[in-house]
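Reader: I am new to this structure. Please show me how to read it, one feature at a time.

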Amino acid sequence: MTEPRIDDLRAALDARDAPTVGLWNRLEGRPRTTDFDRALRVEVRDPLWMLTRQWQLGEFRATDAGSPVTATYSVSTTTPTRFKPAADRTAVENLTDDRPLETVAERRSLPFAAGTDPVSFDLRLAIGRRWLKLVGSRPLLNLISLNIRQKYIARYPIALPDPQAVPDTPRVAHPEVWSELQAVAGRRMDGYAFYLHLKRGGAAHEGIGGLLGLHRSELTTLGKRLVAWFDRLIDQPTATPALGTTNATWDPSRLEHRFSVAAGTPGVDGAGAERRLTVQEYPGGTLDWHDFSLDPSGPLGGTGPTSASFHRTVFPAPVRFSGMPLARWWAVEDGRTNFAAVKPDSTDLARLIFLEFALVYSNDWYQLPCDLPSGTYASIQGLAVTDVFGEQLWITPAGAGSDADWQRWSMFTLDTIGVDDVPADTGLLLPPGVPKVADGPPLEEVALVRDEMANMVWGVEATVTTAVGEPRRGSEISAEHLAHRLRLKPPIAPPAPAAPVAYQAMNSVPEHWIPFIPVHVPGQNRAVRLQRAAMPSVVDGKPVHPRTSLMREGFDQGKQYFLNEEEVTRTGTRLSLAFNRTRWRDGRVFVWLSARRGTGRGEGSSGLAFDFLQDTTTTTAAAAGTAADPTSADGGTATGDT
C-alpha cells in the first residue's frame, strides 16, 4: 500500500502524526566516479569568500616583508693576547695560540713534596730513567772507566725509608709502597732532584768527578734536553712552588678557577681599545663563552691589542631542523622530532618559548654563513640585507641597549660585571679551547659534607695518592698509617674501671675526616666562614695532618685555610684532582694536572659525640681494644690549624 503524502511537514512533525518521519538509520555518500583526484585538490569554489575571510581575520594588515636575497656584513675580530689569574700576586703573561686555553686556565704544579716528605716517586723515577737513558745513548759518556750512571745514582739517590721511624710512616705503612721503594733504593736516581737542580741554573756535571771538558759540554747539552722534555711532557704553571710563586688559577676559598684574559675592542685600535674578559666561576671541565664576562675594572696592561676586519656578501638560507612544520598541504613532517610528546610544565618558560619558535615562527628565520677561527672575539660592525623587492634594510643588533635592562633579548653575548648602567656588549667570543678532553682516573678526591649533628663541615679524603703516585681509598690509607704508628708505639692498657660508667668528653673520628669549624669573618659580627681545623691523633694526641694537596692548602707554608661558608651546600661539594690529556689543532698532545669541582651526595654523619657516659662493665682486654680503636678512643676538641 502506498504511504500517504504529507503536505504540511512542519505540522505533521509538531503533531507527531507520522513518527517515522525524519529518522534515518544510515547516511552514506554515493560516489559517482572512481577517480578522487579532483576531490583531493581542495579547489577553492568561492575565491571572493576566501578573500573576505582573510580581510575579517586581519591578514591584509601585513608589512612589506619580502624574503632576503643577499646580505652584506662587516665583522671585526680580535684575539686574546694576555692572561692573568685572579690572585693579585701573580703577573700578567702572554697568551699564545700554541696550546688550549683549558691547559693554561686549569694547570697546577705537580706535588713532589708534602711538607718535608717526598712524594710522586713515579715521576721522580721516570725523570731519572730518562736522564740515564740520555747518558747511555752517547758513546763519549758511556765508558766503563767513567761510570757516570752510578755516579749520578749516588749523587741523587732514592733514600731507603726507616721502618722504625715515625716520620717515614707514609712510605712504609703500605706494603706495596714499601716494597717498591726497597726495590729502587740505591739502584735508581731521583730525577726530580736533578731536574730541580738544572732549573735553578746548576750545571749538569756538578758533583760528578773524573770528567773532561768534552764530557762536561756533552752533559750540559743533555741537561737542556732533559729540562725541555719534562716541560713538554706535563704542562705546569710558569714557576713551580719550589722556585717561587705560581700563577695557578685555583681559588681555594671559592673552590673554582678564576682568571682574566685581555683582548682588543673589535673595530677599535690604539689606547683604550682593550677589553678585559674575566672568568669568575669556572669549576673545571669544558671552557665555553658563557664562562666569561666583561670586566670594567681596567685593562691588564702590556702590548696594545689590534683588530682586523673583513667584509662579505652571502646568500641567506632558511633555518631548517628535524620535524619542522611544512608549509604545503598533504606533506608529512620528519618524524624524528615529535613535538606532541613534549609536555612542558606551566612554569617551564624556556621549553614553551622553544615550542612557540619551532611551531609558529620557525620559517621566519634565516642563517648567514660566517666562518671565524677559534680564539676570536668578534663583533658585527654592520649588516645590510636586500630582499626580493630590491629594498635594502640596515639590521641592528637585537641585544643592543643597556646591559642592566633585563627585558632585552640576546643570545651568545657576554654580560658585564657590576650593576652600573653601561651599554650592552654584542660581541661573540670563541674561546681558544678544544672540543674534547680525556680525563684520567682521580688521584685525589675530597667530599665536603655538612654534619648537622656535629654542627660543622667535614672534608672527607675519599681518595689519597700514595708516595709512588697510586690512588688509594682514604679510609685504607688512614687505617694503615694508624696501625703502623700503633705498632711503633703500642697503647698503654687503661686501669681497671672504678665505676660502672665513665664520663667521656668527646670521641674521635677516622683520620681521613678533616674538620672545618665556623669562625667569624674579620670585621663582621654575623657573617661566618669555615676554617680548617685538626683532630688529635689517638696515638700521641698530636693534630692529624691532611694527606691530600687539596686539603693541605697553605698548610706547608704555615698558613690557615679559610673556605667560604656558602660553597658547601646541603648537597655537599666534591673535589677531584686528576690528569687531563688533549690534542691541539696542530697535532701536539698536552697533559696537565687540574682540580675540578662537582656536586656532592648529600649530608653525612661523622659519629662525633660530646659529653656522654660510657659503659665500663667490660673486661680489661676489651677496654684495651677499645682504646686502640680510632673510632672510639678519647680525644680533644677540634682546633684551628696554623
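Reader: Which residue forms a salt bridge with Arg552, and how far apart are the closest N and O atoms?

Author: First, the general idea. Side chains of opposite charge can pair when their charged atoms come close. A salt bridge here is a side-chain nitrogen of Lys or Arg within 4 Å of a carboxyl oxygen of Asp or Glu. Now the case: Arg552 pairs with Asp556, and the closest N and O atoms are 2.4 Å apart.

Before we go on, a word on the source. This is a predicted model, where local features need pLDDT of at least 70 and side-chain atom pairs count only at pLDDT 80 or more, while totals for chains, interfaces and linings use all residues. Residues are numbered from 1 along each chain as its sequence is written, and side-chain values use heavy atoms, with hydrogens and water left out.

Reader: Is Arg552 buried or exposed?

Author: Learn the scale first. Buried means under 20% relative accessible area, exposed means over 50%, and partly exposed is in between (1.4 Å probe, protein chains only). Arg552 has 12% relative accessibility, so it counts as buried.

Reader: Which residues do salt bridges that share partners join into one network?

Author: The network holds Glu93, Asp98, Arg99, Arg107 and Asp235. Take one of its links: Arg99 and Asp98 form a salt bridge, with 3.6 Å between the closest N and O atoms. Arg99 is partly exposed, at 22%. Asp98 is partly exposed too, at 26%.

Reader: How many salt bridges does the structure hold?

Author: There are 28. Another one of them joins the side chains of Arg574 and Glu445, at 3.8 Å from N to O. Arg574 lies in strand β24 (residues 573-583) and Glu445 in strand β17 (residues 444-451), so this pair ties together parts that are 129 residues apart in sequence. Helices (H or I, at least four residues) and strands (E, at least two) are DSSP runs, numbered from the N terminus. Arg574 counts as partly exposed, at 25%. Glu445 counts as buried, at 18%.

Reader: How many aromatic pairs does a search of the whole structure find?

Author: The rule is about rings. Rings of Phe, Tyr and Trp (its six-membered ring) pair if their centres lie within 6.5 Å; planes under 30 degrees apart count as stacked, over 60 as edge-to-face and the rest as tilted. The search finds 17 pairs. In one of them, Trp131 and Phe194 are tilted, 4.6 Å centre to centre with 45° between the planes. Trp131 lies in helix α4 (residues 121-136) and Phe194 in helix α8, so the pair ties together parts 63 residues apart in sequence. Both Trp131 and Phe194 are buried.

Reader: Which residues do ring pairs link into a cluster?

Author: Phe112, Tyr192, Tyr195, Trp229 and Phe230.

Reader: Which residues make the nonpolar surface patch?

Author: Patches are made of residues with over 30% relative accessible area and no salt bridge; like charges are joined within 9 Å, nonpolar side chains (Val, Leu, Ile, Met, Phe, Trp, Tyr) within 5 Å. Accessible areas come from the Shrake-Rupley method with a 1.4 Å probe; for residues, only the protein chains shown count as cover. Here Leu359, Val360, Tyr361, Trp365, Trp409, Met411, Phe412 and Leu428 make a patch of about 810 Å². Helix α10 (residues 349-361) gives the largest share, 3 residues. Trp409 sits in the loop between β14 (392-394) and β15 (428-430). Trp409 is partly exposed, at 49%.

Reader: Where do charges gather in patches on the surface?

Author: Lys and Arg count as positive and Asp and Glu as negative; His and the chain ends are not counted. Each charge is placed at NZ of Lys, CZ of Arg, CG of Asp or CD of Glu. The positive patch gathers Arg129, Lys133, Arg149 and Arg188. Arg188 is in the loop between α7 (175-184) and α8 (191-199), and is partly exposed at 44%. The negative patch gathers Asp122, Glu176, Glu180 and Glu470. Asp122 is in helix α4, and is partly exposed at 35%.

Reader: What is the phi of Ser120?

Author: Ser120 has a positive phi of about 55°, although it is not a glycine. Ser120 lies in the loop between β5 (117-118) and α4, and is buried at 12%.
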